[in-house]
Amino acid sequence: MTAAKIAADLTRLLGPHKVLSTIGERLSYRYDAIQMGVTPLVVVLPESTADVVAAVKAAKAAGLPIVGRGAASGLSGGAAPSAPAVVISFTRMTRLSIDAARREATAQAGVVTLQVSEAAKPHGLIYPPDPASFRTSTIGGNLGENAGGPMCFKYGVSGDYVKRLEFVDENGDLHHLTRDAYDLAGLLIGSEGTLGLITEATLRLTTPPRFTRTLMSSFPDVGAAAEAVSQAIAAGAVPAKLEFMDRACTNAVEDYLKIGLPREAGALLLVDTDGDDLETVETELELVERACMQQGGTVRRAATDADAAQLWRARRSVSPALGRIRPQRMNEDIVVPRSVLSEVVREIEALGLASGFHVVQFGHIGDGNLHPNILFDPKTESEDGVHALAHDIAMVALRHGGVLSGEHGIGSMKLPFMKEALDAGTLDVLWDVKHALDPLERLNPGKVLPAVDLPALTGAAHA
Ligand SMILES: Cc1cc2nc3c(=O)[nH]c(=O)nc-3n(C[C@H](O)[C@H](O)[C@H](O)COP(=O)(O)OP(=O)(O)OC[C@H]3O[C@@H](n4cnc5c(N)ncnc54)[C@H](O)[C@@H]3O)c2cc1C
């Protein structure tokens, strides 16, 4: 079917203001924050679940693939179509309501993450999942990727806050899920739009902690920081936030902010403890402080809220700081056991040096979630080289018993690595699950699961 024909069909069904069909309009829907994909045949801007149902049925009748899209802030190519497709962009589905008595927010897929927190605030409630992209990312995209953030170590990831989910399947049928037997909602969460389209979610809210305490510690090396974190946790501390930056990252931020960060430190750790009982919050901070000092760390405690905000400014400024070094970056996302973090950071540092690319590393150290960033200029540096280095970094994670993604997903970017991460039998089972919900492989094709005949990328195959 041609782009013009499906656009005409959808326009007839939904009205012209919900359909984008000119090439100029469609071009900007072919990418996410990291990957350029294929220009969509047509873009639908539904305003209700009924619009989504109608669009999915029309795409099915035309035999066309469907790609769900939130704010396109994804970092694995999830929302960038791999084939000519009908893109369903949820940005107009923004209805949001709070039920304070039930401590729930009900959000349509296009609600921006920050808006849930802001709507909950007047009721004395918070929505803890806090991806750094929370000012732009949507609830649909957060659930599509099961997004995390600095607060995940203590509070959990986006999926942990879902009580009920509404989704449209590949047939255009509508379903309402709760979190009981078979937990189908859990299967949809993190499935990157490959099993169904989430139209609405009821999210658990909680009360904010009354007290928060903050410290920053610098260490001679990453191993000492990781060991301090393990020691503090073993001693009974459950910090709310545990963020780390390597030397290259610290220097990039210091070049940008000039706030006196220790340039010579091998690792910088930022920690929050929080809770409703001040004594416990302070005791936990002391446990962290003691562990840091025992591992050779130099500790700076925040004396006031303003001081704490200033310390966190360093971590919040990573993105703009890196943007000054090179115009583009590949933001990798791996998870490794905390015990091997220092070895992993060293190996990735060495890979960066050998490749000639500027590589910096930071992440959520409590969960062993590391974000090695490859900074590059596409005008002067090879993008194939960037992808080869991203593959090598992923293989470091696998060699050390880690996984390919902590929170950014597999998308198209890491799809070829899945053959190295999972054995053939396991991939077969995942394909069986996919086919149970999407027998014709029309939902976000070319994402997450590699075709059975796609060769693994190891060694010479990748070169
Ligand atoms: C500067 C920056 C910082 C970031 N920081 C973090 C971070 O701290 N933690 C983190 O986890 N991520 C982070 N990300 C990545 C990204 O923001 C998250 O993955 C986010 O959840 C994507 O939301 P989105 O609305 O942009 O989704 P999109 O990018 O539009 O889509 C993401 C995936 O979800 C699918 N999808 C979208 N909507 C739906 C729907 N309604 N139903 C089914 N599937 C759907 C898409 O098909 C795609 O596969 C960051 C990105 C940037 C650019």
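Which residues lie nearest the centre of the second largest pocket, and how many residues line it?

**Entry 1: the pocket.** I worked from a predicted model. I looked up the second largest pocket and found a lining of 29 residues. Gly190, Ile410, Met418, Leu430 and Val448 lie nearest its centre. I noted a volume of about 610 Å³ for this pocket.

**Entry 2: what supplies the lining.** I then listed the elements that give two or more residues to the lining of the second largest pocket: helix H5 (139-145), helix H7 (184-188), helix H15 (418-421) and helix H16 (424-437). The largest share, three residues, comes from H16. By residue class, I recorded 14 nonpolar, ten polar and five charged residues in this lining. Domain 2 (94-204) and domain 4 (326-463) each contribute at least three residues to the lining.

**Entry 3: the annotated region.** I consulted the UniProt record, an unreviewed entry, which carries the annotation "domain: FAD-binding PCMH-type" over residues 36-208.

**Entry 4: the five-stranded sheet.** In what order do the five strands of the open sheet run? I read the order as S5-S6-S9-S7-S8, with antiparallel pairing. Strand S5 (96-99) and strand S8 (174-178) are the edge strands, and each of them pairs on one side only. Neighbouring strands of this sheet are turned by 15 degrees against each other on average, with direction ignored.

**Entry 5: the four-stranded sheet.** I also traced an open sheet of four strands, in the order S1-S2-S4-S3, and its pairing is mixed. Why is one side of strand S1 (19-20) and of strand S3 (66-69) left without a neighbour in the sheet? Both stand at the edges with a single partner strand each, so one side of each has no neighbour there. As a reminder to myself, strands of a sheet pair through backbone hydrogen bonds, in either a parallel or an antiparallel sense. S1 and strand S2 (residues 42-44) pair in the antiparallel sense over two bridges. I found valine 19 opposite valine 44 in S2.

Note on methods
Residues numbered from 1 in each chain as written. Predicted model: local features only at pLDDT ≥ 70, side-chain atom pairs only at ≥ 80, totals over all residues. Heavy atoms only, no water. 1 Å grid on protein atoms, 1.4 Å probe; cavity = no way out; pocket = protein on both sides within 12 Å on 5 of 7 lines; lining within 4 Å. Points joined across faces, edges and corners; volume = space filled by probe spheres on them. Nonpolar A, V, L, I, M, F, W, Y, C, P; charged D, E, K, R; others polar. Domains from an automatic or database assignment. UniProt positions renumbered as here; feature names shortened; annotations may be inferred. Pairing = 2+ DSSP bridges. Axes fitted to C-alpha atoms, helices over the stretch in contact; angles between N-to-C directions.
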